[in-house]
Amino acid sequence: PILGTSPAAIDLAEDREQFAALVSRLGLLQPSNGIARSREEALNVAERVGYPVLMRPSFVLGGRAMEIVEGPVQLDDYIQTAVQVSGDAPVLIDQYLRDAIEVDVDALCDGTDVVVAGVLQHIEEAGVHSGDSACSIPPYSLSDEIIAGIERQTEALAHALGVVGLMNIQFAVKDGQIYLIEVNPRASRTVPFVAKAIGAPIAKIAARVMAGEKLADLPTIDRRIAHVAVKEAVFPFNRFPGVDPVLSPEMRSTGEVMGIAADFTTAFAKAQLGAGTVLPTGGAVFVSVKDGDKAPIVPAVRALVDAGFAIVATGGTADHLARAGLPVERINKIAQG
């Protein structure tokens with residue numbers, strides 16, 4: 001016999017069309033999406049959803065071959081890779097919610113009661129694989145209203161899927177709206193971090209629930225904590241010279257560390273130190289961002305200037321920072337000599 005969540009419930013969460021029908025029935029929001037089994041279908045779905053889109057093969061782990069596609073030419077290149085990875089399985093295409101905040105939720109359900117063990121706010125924007133993104137518990141900037149909405153949706157999904165044991169849900173928050181990204185009716189890689197952060201044996205309790213016990217009869221899981229815990233990913237880039245270090249939907253990290261403190265900023269700094277990141281206290285900072293990131297980067301650069309750092313930037317970024325009244329030295333891109 002299979003303990004815990006039934007295979008039928010797992011299939012329901014994995015089947016894109018069945019799951020979309022369930023989400024619609026529950027009245028939840030999902031980014032526009034579709035599936036494609038050919039280049040022509042992929043182009044049609046992407047045009048309907050609207051670029052940029054997030055594309056991924058079916059039935060892969062770790063974000064394998066997952067990519068943010070900005071237009072038809074990039075889509076053509078992607079389809080070749082996806083076919084090699086997924087074979088006959090369809091390609092999944094989702095609207096990419098640019099500048100959204102991603103949220104992970106770990107919860108337990110015994111068929112009757114649902115307990116949310118952790119609501120984790122990602123620090124990198126949505127689109128970076130959850131295994132590569134740093135995250136904070138409790139959330140460091142989400143409103144109580146948004147967190148309550150996420151909890152309500154988690155409970156509704158757990159009951160609708162018939163989860164018995166652990167489940168992980170990924171949400172995205174954009175413009176005050178909560179979007180459901182995906183549901184995994186199983187344990188997630190975030191469970192050990194959540195368990196250590198809140199001081200509860202989540203996996204042990206989940207195993208007992210899968211064996212038939214009820215949450216009401218087991219130790220209480222209380223996620224109200226008086227500290228902040230930050231998880232940071234550890235990357236192997238120093239062992240692989242030449243590998244692109246820019247984070248993407250495809251997972252690259254090989255481990256993770258944790259920082260705990262009374263406030264978010266100190267916990268984040270501890271996590272960076274634990275991951276081997278040396279935090280400089282002075283020097284020069286190179287800044288070069290795309291047009292869509294020029295306005296959001298100004299406050300961060302201003303904070304660096306106030307801390308005594310010198311700023312160097314490429315043409316368009318330098319012009320934008322100068323217009324914002326910040327001291328900046330302009331340098332050329334490599335192709336400009």
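Predicted model: local features only at pLDDT ≥ 70, side-chain atom pairs only at ≥ 80, totals over all residues.

User: OK, charges next. How many salt bridges does the count give?

Analyst: Twelve salt bridges, taking a salt bridge as a side-chain nitrogen of Lys or Arg within 4 Å of a carboxyl oxygen of Asp or Glu. Arg39, Glu40 and Asp76 are linked in a network of them.

User: What does Lys294 pair with?

Analyst: Lys294 forms a salt bridge with Asp291, and their closest N and O atoms are 2.9 Å apart. The two residues sit three apart in helix α9 (residues 291-306), so about one helical turn separates them. Helices here are DSSP runs of H or I with at least four residues, strands are runs of E with at least two, and both are numbered from the N terminus.

User: Is that Lys buried or exposed?

Analyst: Lys294 is buried, with a relative accessible area of 11%, whereas Asp291 is exposed at 63%. Buried means under 20% relative accessible area, exposed over 50%, and partly exposed in between, using a 1.4 Å probe and protein chains only.

User: And which residue does Glu213 bridge to?

Analyst: Arg208, with the closest N and O atoms 3.1 Å apart. Glu213 is partly exposed at 31% relative accessibility, and Arg208 is partly exposed too, at 33%. There's also a salt bridge between Arg224 and Asp222, where the closest N and O atoms are 3.0 Å apart. In that pair Arg224 is exposed at 72%, while Asp222 is partly exposed at 33%.

User: Which backbone nitrogens does the Asp110 side chain reach?

Analyst: One is the backbone nitrogen of Asp113, at 2.6 Å, and another is that of Leu215, at 2.9 Å. Asp110 itself lies in strand β5 (residues 101-110). Leaving out residues up to four places away in sequence, Asp110 touches Val163, Val209, Glu213, Lys214, Leu215 and Ala216, where contact means heavy atoms within 4.5 Å.

User: Switching to strands. Why is β2 called largely enclosed?

Analyst: Because five of the five residues of β2 (residues 53-57) are buried, the strand is largely enclosed by the rest of the structure. Val53, Met55 and Pro57 point one way, with Leu54 and Arg56 pointing the other way.

User: Which strands does β2 pair with?

Analyst: β2 pairs antiparallel with β3 (residues 67-69) over three bridges, and Val53 has Val69 as its bridge partner there. β2 also runs antiparallel to β4 (residues 91-95), joined by five bridges, with Met55 opposite Ile93. Two strands pair if DSSP finds at least two bridges between them.

User: What about the sheet with β12? What order do the strands come in?

Analyst: The order is β12-β13-β14, an open sheet of three strands with parallel pairing. The edge strands are β12 and β14 (329-330), each pairing on one side only. Four bridges join β12 to β13 (residues 310-313), and Val287 stands opposite Ala313.

User: Which residues does Val285 contact?

Analyst: Val285, which lies in β12 (residues 284-287), is in contact with Leu304, Phe309, Ala310, Ile311 and Val312, leaving aside neighbours within four places in sequence. Val285 and Val312 are 27 residues apart along the chain, and their C-alpha atoms are separated by 6.2 Å.

Conventions. Residues numbered from 1 in each chain as written. Heavy atoms only, no water. Polar contact = N/O pair within 3.5 Å; in protein donor to acceptor, adjacent residues only side chain to side chain.
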